[in-house]
Amino acid sequence: MSEYAKARELGEQAREQEWTRPSFAKQLFLGDFRLDLVHPAPTLGDEATKRGEEFVRAVRRFLDAHVDPAAIERTAQVPDDVVKGLAALGAFGITISEKYGGLGLPYLYYCRTLMLVGSYCPALATLLSAHQSIGVPQPLKLFGSEEQKREFLPRCARGEISAFLLTEPDVGSDPARLATTAVRDGDEYVIDGVKLWTTNGVVADLLVVMARTGKKISAFVVEADSPGITVKRRNQFMGLRGIENGVTEFAQVRVPARNLIGREGEGLKIALTTLNTGRLSLPATCAGNAKWAVKIAREWGNARVQWGRKVGEHEAVATKIAFIAATAYALEAVSDLTGRMADDQRNDIRIEAALAKLYATELSYQALDELVQIRGGRGYETAESLAARGERGVPVEQMLRDSRINRIFEGSSEIMRLLITREAVDAHLSAAGELINPEASRQERAQALRRAGGFYARWLPTLLAGGGNLPTAYASFGPLAAHLRFVERTSRKLARSIFYGMSRWQGRLEHRQAFLGRIVDIGAELFAMTAVCVRADEDSGDLGRRPYELADTFCGQARRRVGALFDRLWDNGDSEDTRLARYVLEGRYTFVEEGILDPSIEGPWIGVPEGGENLRRTII
């Protein structure tokens with residue numbers, strides 16, 4: 001078996017195989033627009049809402065009184081008293097049950113808290129989200145034993161920081177290459193290996209460590225001060241300068257066997273399942289970034305005058321402001337809807353959460369990039385430099401730098417598209433997977449042909465017509481009804497395109513990553529359009545027509561993006577680009593590199609720091 005096949009098999013084994021609950025996004029990719037699954041959006045009880053609102057207000061007061069984001073950017077460190085202050089508020093146990101010492105708040109208010117914190121200090125939002133979304137609390141909530149929950153969750157809730165350690169110097173999104181090992185020795189496991197990009201790892205008290213147990217991967221809770229653990233380095237980045245991210249080495253680290261999460265071999269499944277809801281933190285912080293961008297664009301668009309007019313009134317700038325405002329409203333709608341669905345627990349949101357992460361990280365970065373352009377030279381200048389020469393210190397360039405990692409965090413956009421595609425075509429693979437499997441036997445192919453015939457005989461006719469063809473459909477949404485009709489029609493067109501792609505490329509489809517990426521991007525736009533229409537319809541009760549205006553503009557922008565994506569499904573240069581890239585890698589065009597000097601510091605492409613002191617520090 002090839003290395004690629006091994007990696008694919010490992011990933012397939014780690015997937016949640018069953019769909020026991022409905023999924024709006026899964027049906028959307030099948031051409032079945034189930035608006036009833038998201039509208040009306042799930043609501044919270046009065047008590048949960050009251051507690052959530054009170055907590056967000058308390059965090060807002062704390063940030064305003066005790067957190068200096070400019071100092072965190074300047075010193076590249078979150079002060080210990082800030083961490084302890086947030087811990088006293090309960091901010092490290094927002095979604096941990098009260099039974100284990102947490103606040104037990106809904107995901108909706110976890111997301112709204114991160115939206116607030118992310119708009120003010122992205123590094124602080126990263127500290128809180130890495131601890132709760134992918135650190136010890138979430139995997140233990142889902143897979144931990146009662147004994148583990150009683151032992152570790154109260155510690156996490158009161159502010160002992162946790163981190164998630166999966167990535168290695170030579171392992172990113174391909175866990176089949178994982179080199180860290182955990183060998184059973186009596187009542188303990190002995191862990192050896194090196195972990196890279198350990199967000200929170202420099203200051204963590206508790207670690208979730210992924211390690212190989214035999215041929216499979218397992219997950220462990222590890223005390224960060226265990227003998228044999230060394231933080232070899234605190235890494236520095238383009239943005240998020242206050243995060244405590246490092247390189248951690250494990251040398252004969254002994255971990256009690258009772259600290260194994262779930263069963264041996266379930267580590268990757270635990271990681272992927274944890275991220276179903278863990279990914280919700282990123283759309284929330286991205287929505288906060290975009291909402292902040294609206295405020296700055298509005299204020300600067302009114303304050304700056306050029307050629308006798310406010311700069312925001314010039315069409316070249318006005319179109320950018322419209323994009324930022326409409327996008328911010330939509331991203332908040334996406335974040336809120338997925339958060340509510342996570343609380344409601346009636347839907348399987350594995351695709352929705354991944355779409356929200358992909359879409360929000362891409363669109364918020366575009367919004368911040370446009371804000372830099374609107375601000376011109378001031379957008380490129382640091383906040384401290386602006387303040388030093390007597391102007392408002394607006395950290396636009398910092399926000400852009402800080403947000404860039406979001407397109408890589410918790411699965412790069414490219415990997416997210418592949419993960420979403422796999423889930424989106426699950427029904428097809430269940431029906432016809434062996435037909436496109438080159439390793440299937442003749443008997444397996446014959447059985448698959450019969451299954452596929454039955455499935456497609458029932459499914460294909462449903463793609464011909466639907467509610468989107470009726471002029472009166474979705475009339476209760478008023479001016480947004482036409483956009484929902486577009487979503488319904490387009491979901492069927494999208495499903496037909498997936499079928500055409502499978503028919504054309506069969507087993508080679510998984511390698512047509514550009515095609516699949518566009519399929520996912522179309523689905524993401526349709527999900528966002530649905531979320532923003534649902535949100536505007538709800539908000540209109542208090543805010544009148546204003547939410548409709550934002551949603552209408554956003555949907556118009558999204559429809560044009562969808563049209564361009566469909567055009568490029570079949571009319572593109574993917575094959576030529578792939579061939580040219582292969583030639584580049586082979587050195588065919590090294591003459592293009594002539595006439596330059598490379599400022600890179602010499603060293604191996606992939607390496608591990610050697611020697612040095614243990615850089616782990618404890619919050620005091």
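Trainee: Leaving aside its neighbours within four places in sequence, which residues is Lys 26 in contact with?

Mentor: This is a predicted model, and in it Lys 26 belongs to helix α2, which covers residues 24-29. Once the neighbours within four places in sequence are set aside, the residues in contact with Lys 26 are Trp 19, Ile 351 and Ala 427.

Trainee: Does Lys 26 count as buried or exposed, and at what relative accessibility?

Mentor: Buried means under 20% relative accessible area. Lys 26 falls under that cut-off and therefore counts as buried, its relative accessibility being 13%.

Trainee: How many disulfides does a search of the whole structure find?

Mentor: A disulfide needs a pair of cysteine sulfur atoms within 2.5 Å, and a search of the whole structure on that basis comes to 0 disulfides. Cys 286, for instance, is in no disulfide, since the nearest cysteine sulfur, that of Cys 111, is 12 Å away. Cys 533 is likewise in no disulfide, with the nearest cysteine sulfur, that of Cys 555, 3.8 Å away.

Trainee: What are the relative accessible areas of Cys 286 and Cys 533?

Mentor: Cys 286 is buried, with a relative accessible area of 0%. Cys 533 also counts as buried, and its value is 1%.

Trainee: How are α20 and α22 oriented to each other, parallel or antiparallel?

Mentor: Helix α20 spans residues 481-505 and helix α22 residues 546-570, and their axes come within 12 Å and cross at roughly 15°. The crossing of these two helices, α20 and α22, is left-handed. Angles under 35 degrees count as roughly parallel, and therefore α20 and α22 are roughly parallel.

Trainee: How do the residues of the contact of α20 with α22 divide into nonpolar, polar and charged?

Mentor: Among the residues of α20 that meet α22 are Phe 486, Arg 489 and Lys 493, while the α22 side includes Asp 552, Cys 555 and Arg 559. Taken together, the residues of this contact between α20 and α22 divide into 10 nonpolar, 5 polar and 5 charged.

Trainee: And how many charged residues are there in the contact of α20 with α21?

Mentor: The axes of α20 and helix α21, which spans residues 513-543, come within 10 Å and cross at roughly 165°, and the two helices are therefore roughly antiparallel. In this contact, α20 residues including Leu 484, Val 487 and Ile 498 meet α21 residues including Ile 519, Leu 526 and Cys 533. The residues of the contact of α20 with α21 divide into 12 nonpolar, 7 polar and, for the charged ones, none.

Conventions
Residues numbered from 1 in each chain as written. Predicted model: local features only at pLDDT ≥ 70, side-chain atom pairs only at ≥ 80, totals over all residues. Heavy atoms only, no water. Buried < 20%, exposed > 50% of the residue type's maximum accessible area, 1.4 Å probe, protein only. Axes fitted to C-alpha atoms, helices over the stretch in contact; angles between N-to-C directions. Helix = DSSP H or I, 4+ residues; strand = E, 2+ residues; numbered from the N terminus. Parallel < 35°, antiparallel > 145°, perpendicular 65-115°, else oblique. Left-handed = near helix turned anticlockwise from the far one by under 90°. Contact = heavy atoms within 4.5 Å. Nonpolar A, V, L, I, M, F, W, Y, C, P; charged D, E, K, R; others polar.
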